[in-house]
Structure formats: structure tokens, C-alpha cells
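Student: I would like to learn how to read the features of a protein model, one at a time. Could you take me through an example?

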Amino acid sequence: MPVHRSWLRTLAWTLIVLLLLGLAAFMGFSGEYLVAGLLALFGLLSIMGVGSGSYITNCPVCGKELRGLIGLKRCPQCFCYGKVAEGQYYELEPNFVGQTPLLALPLGSRREMPPLCCACGAPAVRADRLRIIRVEFAFDLDAPHCALHTGGADLASESIAGKGNPQTPVLKVKSYAFYKACIKANFPGAAQYAGQTNASIG
Ligand SMILES: [Zn+2]
Ligand SMILES: [Zn+2]
């Protein structure tokens, strides 16, 4: 999928940078060097936002518009992950495996695990029990692994987009093959998009 620059977002990010650097200069003149340094640092970090946060594209799997393409990006509609490479936006390779469990799938009431290793995608032979305890929820989950791997998954929480503070549990895994099988097993609605692309390729 081609990546476009959103001029509105570019302008917004640029204004943030100018505002922070302007404030930093003002604090510098007023002798508040620590504050000035911090503001300048945030200003420089925001330049990264101008670089990658102002780009938009469409999800290659379901077509939804995606914004803020920093690092690995999860589509809010079909949950597929993708990233920018050489000016284009691609879905991750089916055999993608992360160094750490960073592919995060929000968990609903259905928590069926596919019979694959969550660290490499090979057939699973055993399960490691994970546990999460939060104010909003607490539960155990058995993460399937092959004989070679441990620690391919992690339970965490993330805030529900647009709903303030409430947290939702997420299962973080290393293997994208496991991740996609998990979408199929637990989100028939989202999996229908993945099925469409498979059909068009096959
Ligand atoms: Zn999508
Ligand atoms: Zn494995």
C-alpha cells in the first residue's frame, strides 16, 4: 500500500515542535536551564513525529485508513500488523517472529488458543500458564509452545481507544502466524478480512 503524507498532521506536529523549541528558548533566556533543556528534548523528539506520525495509508488486509505509522502498526479493524518499508506499507510476513512478545491482540470473552507455538508458529506440544491481575480483571491463560521454546507470550493490558482509562487485556506474542490463527479463532468478524486476502492470493 502506498504511504501518503497527511498535511494536516504534518502541520500539527510542526506546530508542536516550534512551540516546544520556542518555549525552550524563552526558558533559556529566563535562566531556567533545566526546564529549557527538557523542552528542547521534547521538541527534538517531536521531530520524529513529523517524520513518521504524519503519514497515512490504508490497511493492506481490510482497507481501513491507518494513521501514525511509527514502528509496528496494528489495524484497529482487522487487527493485522504492518509496517513501512521502502516507502510502502506492508502487512508483516506470515512467518514474522519478534525478538520479544510485542504483537498484542486484545482479548474478548472468547480466549481460544490455536494449536501452534506462540514463539515460532510450529505445532505446539505443551502450554505455559500465564496470569494477569488488574483492577478490572484477573485470569489465567495457557499459552501453547513447541518443545524448543518458552516465554513466547505475555499478558498485559492497554487502554481502550477513546474511552479514557478503562483497561482491556491483551495477549502479546512473538509469532505472527500464531497471532493470525488467534484472530481467526476468536474474532470471526475480523478474520473474514484475512480470509479475503488469502482467497485472492490463492
Ligand atoms: Zn485492517
Ligand atoms: Zn516454538
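Tutor: We will go through the metal sites, the aromatic rings, a loop residue and the nonpolar core in turn. Please keep in mind that this is a predicted model.

Student: Let me begin with the metals: which residues coordinate the zinc ion (ligand 1)?

Tutor: To read a metal site, one lists the donor atoms and then looks at their distances and angles. The zinc ion (ligand 1) is held by the SG atoms of Cys-59, Cys-62, Cys-75 and Cys-78, at 2.3 Å, and the angles among these four donor atoms run from 102 to 113 degrees, a site that is tetrahedral. Along the sequence, the donor residues follow the spacing C-x2-C-x12-C-x2-C.

Student: Why can Cys-62 and Cys-78 be said to tie parts of the chain together?

Tutor: Here one asks where each residue sits along the chain. Cys-62 belongs to the loop between β2 (55-58) and β3 (65-67), while Cys-78 belongs to the loop between β4 (73-74) and β5 (81-85), so this pair joins parts that are 16 residues apart in sequence. Both Cys-62 and Cys-78 are buried.

Student: What are the donors of the zinc ion (ligand 2), and at what distances do they lie?

Tutor: The zinc ion (ligand 2) is coordinated by the SG atoms of Cys-117, Cys-120 and Cys-146 together with ND1 of His-149, at 2.0 to 2.4 Å. The site of this zinc ion is tetrahedral, with angles of 98 to 124 degrees among its four donor atoms, and the donors are spaced C-x2-C-x25-C-x2-H along the chain. Within this set, Cys-120 lies in the loop between β7 (103-106) and β8 (126-133), and His-149 lies in the loop between β9 (138-145) and β10 (153-159), a pair that links distant parts of the chain, 29 residues apart.

Student: How does one describe a pair of aromatic rings?

Tutor: One gives the distance of the centres and the angle of the planes. The model has four aromatic pairs, and one of them joins Phe-137 and Phe-139, whose rings are tilted, at 6.1 Å centre to centre and 40 degrees between the planes. Phe-137 counts as buried because its relative accessibility is 14%, and Phe-139 counts as buried because its relative accessibility is 13%. The ring of Phe-139 also has the charged end of Arg-111 sitting over it, 3.9 Å from the ring centre. Elsewhere, ring pairs link Tyr-81, Tyr-176 and Tyr-179 into a cluster.

Student: Where is Gly-31 found?

Tutor: Gly-31 is in the loop between α1 (7-29) and α2 (33-53), and Gly-31 counts as partly exposed because its relative accessibility is 38%. The C-alpha atoms of Gly-31 and Ile-132 are separated by 47 Å, and these two residues are 101 apart along the chain.

Student: Finally, which residues touch the most other members of the largest nonpolar core?

Tutor: For a core, one asks about its members and then about the elements that supply them. Leu-171 and Tyr-179 have the most contacts with other members among the 39 residues of the largest nonpolar core. Elements that each supply at least two residues include β11 (167-173), α3 (176-186) and α4 (188-201), and α3 gives the largest share, five residues. Domain 1 (4-75 + 84-90) and domain 2 (97-201) each contribute at least three residues to this core.

Methods: Residues numbered from 1 in each chain as written. Chains lettered and ligands numbered in written order. Predicted model: local features only at pLDDT ≥ 70, side-chain atom pairs only at ≥ 80, totals over all residues. Heavy atoms only, no water. Donors = N, O, S within 2.8 Å, 3.2 Å for Na, K, Ca; no water. Tetrahedral: all angles 85-135°; square planar, octahedral: opposite > 155°, others 65-115°. Helix = DSSP H or I, 4+ residues; strand = E, 2+ residues; numbered from the N terminus. Buried < 20%, exposed > 50% of the residue type's maximum accessible area, 1.4 Å probe, protein only. Phe/Tyr/Trp six-rings, centres within 6.5 Å; stacked < 30°, edge-to-face > 60°. Lys NZ or Arg CZ within 6 Å of the ring centre and 35° of its normal. Core = buried A, V, L, I, M, F, W, Y, C linked by side-chain atoms within 4.5 Å. Domains from an automatic or database assignment.
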